[in-house]
Every structure is written in structure tokens, then in C-alpha cells.
Amino acid sequence: MPVREIRLLGDPVLRKEADEVVAFDAGLRALVRDMFETMYHEEGIGLAAPQIGIGKRVIVVDLRREDHDDEPLALVNPRVIWASSETAKQTEGCLSIPTLEEIVERPAKVRVEAHDPEGERVELHADDLLGRALQHEIDHLDGILFLDRVSALKRRMLLRKWKKLEEEHES
Ligand code: NI
């Protein structure tokens with residue numbers, strides 16, 4: 001089953017801390033393939049495994065639809081090992097909270113340590129949209145959503161809007 005169902009805000013799996021991957025096996029590579037296919041199908045630029053209901057520390061990112069030429073990335077057990085004190089503000093959305101967007105302030109640059117799906121250690125320095133996407137997806141692995149990174153006032157507004165969308169959807 002290549003394209004998987006996206007879990008939406010309210011699903012408890014999005015709030016759980018995901019488990020470290022210990023086996024770099026065919027199952028992991030199949031998960032990565034499904035995650036890329038699901039992300040492309042949903043026209044997203046990043047996806048974390050919990051968003052398809054899998055509690056494992058795996059993310060994929062591909063910024064080419066936003067006209068960035070970075071190579072597509074699949075990172076296993078990624079960790080932010082350094083973040084700049086300088087911050088940047090940019091609008092974010094999330095496939096698990098469709099139609100909602102808000103400006104989120106995050107460190108402008110980060111250094112990320114991870115493994116690739118074959119188990120090789122990788123380290124990357126990322127800024128701009130890549131730095132933001134990596135931070136957003138790594139947050140998912142700790143049960144954190146972009147909603148948690150905005151002011152309480154903005155969060156309340158977003159949650160109200162989400163509730164309204166859900167009600168419209170049900171009626
Ligand atoms: Ni997201």
C-alpha cells in the first residue's frame with residue numbers, strides 16, 4: 001500500500017513521541033518509499049512517519065515543488081545538534097492540519113545529525129526553507145505541531161478555525 005492515509009489534528013499518534021529506529025532493513029526502506037509517495041500525492045514538501053500513523057523517527061523532505069534545488073532527503077533518527085540564536089519568521093502549513101497556515105518563528109540555521117535509510121551517518125547544515133522544513137518535521141517526531149510554536153492567542157484562533165472546518169465537513 002504505497003500511498004498512506006494522512007492522520008489529521010486530533011489523532012493521538014500526532015502527539016506521541018516516536019521511537020528510535022534500530023533496524024535499517026527492507027521494512028524501513030519500504031516505509032521511506034511509502035512516505036515519499038504519500039508526500040508527493042498530497043503535494044507536500046515534508047512528511048514525518050507519525051503523520052501516516054507510524055511511531056518511528058523517520059522524515060522525508062523534498063523542496064523541489066517550492067523551486068529549491070536541494071536533493072530529496074530521507075532521514076532516520078534525525079536530531080538538531082545546533083541551532084542559531086538568530087531566528088527567522090515564515091508561514092508554515094502542515095498536511096495534518098490542511099488549510100491552516102501561520103507565521104512561525106524558528107532558529108534561522110540548524111545543524112542536523114541523522115542516518116540515511118542504509119544506516120550511514122549524515123550531518124547537514126541547513127538554513128532558509130530546508131532548515132525550516134527539517135525543524136518542522138523533527139518536531140513531529142516529538143509530538144510537536146507548528147500550532148505549538150505560535151502565540152496562545154494565534155493558537156486559539158487556529159483551533160477555532162479548525163473546529164469550524166471540521167463541523168462544515170461533517171454537515
Ligand atoms: Ni507537519
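Modeller: A search of the whole structure finds 1 aromatic pair. Its partners are Phe-36 and Tyr-40, whose rings are stacked, with 5.9 Å from centre to centre and 20° between the planes. The model is a predicted one, and the account below should be read accordingly.

Where does the pair lie? Phe-36 and Tyr-40 both belong to helix α1 (residues 26-41), where they are 4 residues apart, about one turn of the helix. An α-helix has 3.6 residues a turn, so residues three or four places apart point the same way. Tyr-40, at 39%, counts as partly exposed.

Leaving aside neighbours within four places in sequence, Asp-62 is in contact with Met-39, Tyr-40, Gly-44, Ile-45 and Pro-72. Asp-62 is found in the loop between β2 and β3. Is Asp-62 buried or exposed? With a relative accessibility of 4%, Asp-62 counts as buried. Its side chain makes a polar contact of 2.7 Å with the side chain of Arg-64. The loop between β2 and β3 holds Asp-67 as well. Asp-67 counts as exposed, at 74% relative accessibility, and has a positive phi, near 65°, although it is not a glycine.

The largest nonpolar core has 18 residues, and Ile-59, Leu-75, Leu-130 and Leu-134 have the most contacts inside it. Two or more residues come from each of β2 (58-61), β3 (73-83), β6 (109-115), β7 (121-127) and α2. The largest share, 6 residues, is that of α2. Another core, of 15 residues, lies apart from this one and includes Val-21, Leu-31, Val-32 and Leu-47. In soluble globular proteins, nonpolar side chains tend to be buried together. Leu-75 illustrates the packing: not counting residues up to four places away in sequence, its contacts include Ile-59, Val-112, Val-122 and Leu-134.

Asp-128 lies in α2; it is partly exposed, with a relative accessible area of 47%, and its phi is near 55°, a positive value in a residue other than glycine. Just after the helix, Gly-143 takes a positive phi of about 75°.

The protein donors of the nickel ion are Cys-94 (SG), His-136 (NE2) and His-140 (NE2), at 2.1 to 2.3 Å from the ion. Distant parts of the chain are linked here: Cys-94 is in the loop between β4 (87-92) and β5 (102-107), whereas His-136 is in helix α2 (residues 128-141), 42 residues apart. Along the chain, the donors follow the spacing C-x41-H-x3-H. Cys-94 counts as buried, at 10% relative accessibility, and His-136 is buried too, with a relative accessible area of 7%.

Conventions:
Residues numbered from 1 in each chain as written. Predicted model: local features only at pLDDT ≥ 70, side-chain atom pairs only at ≥ 80, totals over all residues. Heavy atoms only, no water. Donors = N, O, S within 2.8 Å, 3.2 Å for Na, K, Ca; no water. Buried < 20%, exposed > 50% of the residue type's maximum accessible area, 1.4 Å probe, protein only. Core = buried A, V, L, I, M, F, W, Y, C linked by side-chain atoms within 4.5 Å. Contact = heavy atoms within 4.5 Å. Phe/Tyr/Trp six-rings, centres within 6.5 Å; stacked < 30°, edge-to-face > 60°. Polar contact = N/O pair within 3.5 Å; in protein donor to acceptor, adjacent residues only side chain to side chain.
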